[in-house]
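This report describes how one protein chain is divided and where its annotated positions sit. The structure comes next.

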Amino acid sequence: MTTLPRLVAFDLDDTLAPSKSPLDPAMAELLVRLLDTVEVCIISGGQISQFRSQVIENLTDASPEALSHLHLMPTCGTQYYLYQNEAWNQIYAENLTEDEKARALEVVERVARSLGYWESETWGPILEDRGSQITFSALGQAAPVSAKTAWDTTGEKKNALREAVQAELPDLEVRSGGSTSVDITRQGIDKAYGMNKLAELTGIPLDDMIFVGDRLDPAGNDYPVKAMGVKCVAVEGWHDTAAYLEKLIPELRAAAAAR
Ligand SMILES: [Mg+2]
């Protein structure tokens, strides 16, 4: 018999819900059932507003008791939210310093302009201060997928920008984000960082956790969790995750009943 996890952690986009979209009601129901039996974490590179619109607003059937078992880790665990006193409270945020932010904003704009990537027609602001992360989105945060795809079909522009910005910010980490975006954070911030924080905060060892993600391939943003040795379940979308939970939840319930 395989040992059952005490905590199940999930990536958000394309694992619990389609990218930038709300949870399907079927997935919301499964999560509520899962929260009855184990601790649950959602960890993503996205910010809390994305967790609110994709997850929280769609968990309306969850009791305060169930929600108290849900751990939210936006921006790869540099922020941490828990449900306490009937509200989602930020427990901590490891933000960039004002100096780090100012340098990141200045360098990325200057380099983007010099490479000819500073677009004048955009959907929302190009630069965004996410507290623990500065994000450059070539066409703005709200650009339609078709425009984003057309902007940089080969990934060449994004990579050129990433490399040039990294060269000027050696103390920070500059990564490719979405299809037109580049993220600037402290060094060493990825989902493995967040999972280590989670083990520290909950007292649950990594060995007693399972992580579910859609990008566990070596180039994917979930890969650092696999590389650190956490048990992982690879999915190709929320339907796969739902199928996995349909099996896991009865096993967890049976184990709880036997205790
Ligand atoms: Mg994903």
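The text below covers the domains, then the annotated residues.

This is a predicted model, in which local features need pLDDT of at least 70 and side-chain atom pairs count only at pLDDT 80 or more, while totals for chains, interfaces and linings use all residues. Residues are numbered from 1 along each chain as its sequence is written.

The chain has domain 1 (7-78 + 189-258) and domain 2 (98-186), with bounds from an automatic or database domain assignment. Their centres, taken over C-alpha atoms, are 28 Å apart. Five residues of domain 1 and seven residues of domain 2 form the contact; two residues are in contact if their C-beta atoms, placed from the backbone, lie within 7 Å.

For "binding site", an unreviewed UniProt entry lists Arg130, Ser181 and Asp183; such annotations may be inferred rather than shown by experiment. These residues spread over 54 residues of sequence but cluster in space, with a largest C-alpha distance of 13.4 Å.

Ser181 is in strand S9 (residues 181-186), and Asp183 lies in strand S9 as well. Strands are DSSP runs of E, at least two residues, numbered from the N terminus. A residue is buried if 20 or more other C-beta atoms, placed from the backbone, lie within 10 Å of its own. The table gives the counts for two of the listed residues.

| Residue | Other C-beta atoms within 10 Å | Class |
|---|---|---|
| Ser181 | 22 C-beta atoms | buried |

Leaving aside neighbours within four places in sequence, Ser181 is in contact with Thr135, Phe136 and Ser137. On that basis Asp183 touches Gln133, Thr135, Arg175 and Gly177.

Terms used. Helices (H or I, at least four residues) and strands (E, at least two) are DSSP runs, numbered from the N terminus. A residue is buried if 20 or more other C-beta atoms lie within 10 Å of its own, exposed if 12 or fewer, and partly exposed in between; C-beta atoms are placed from the backbone.
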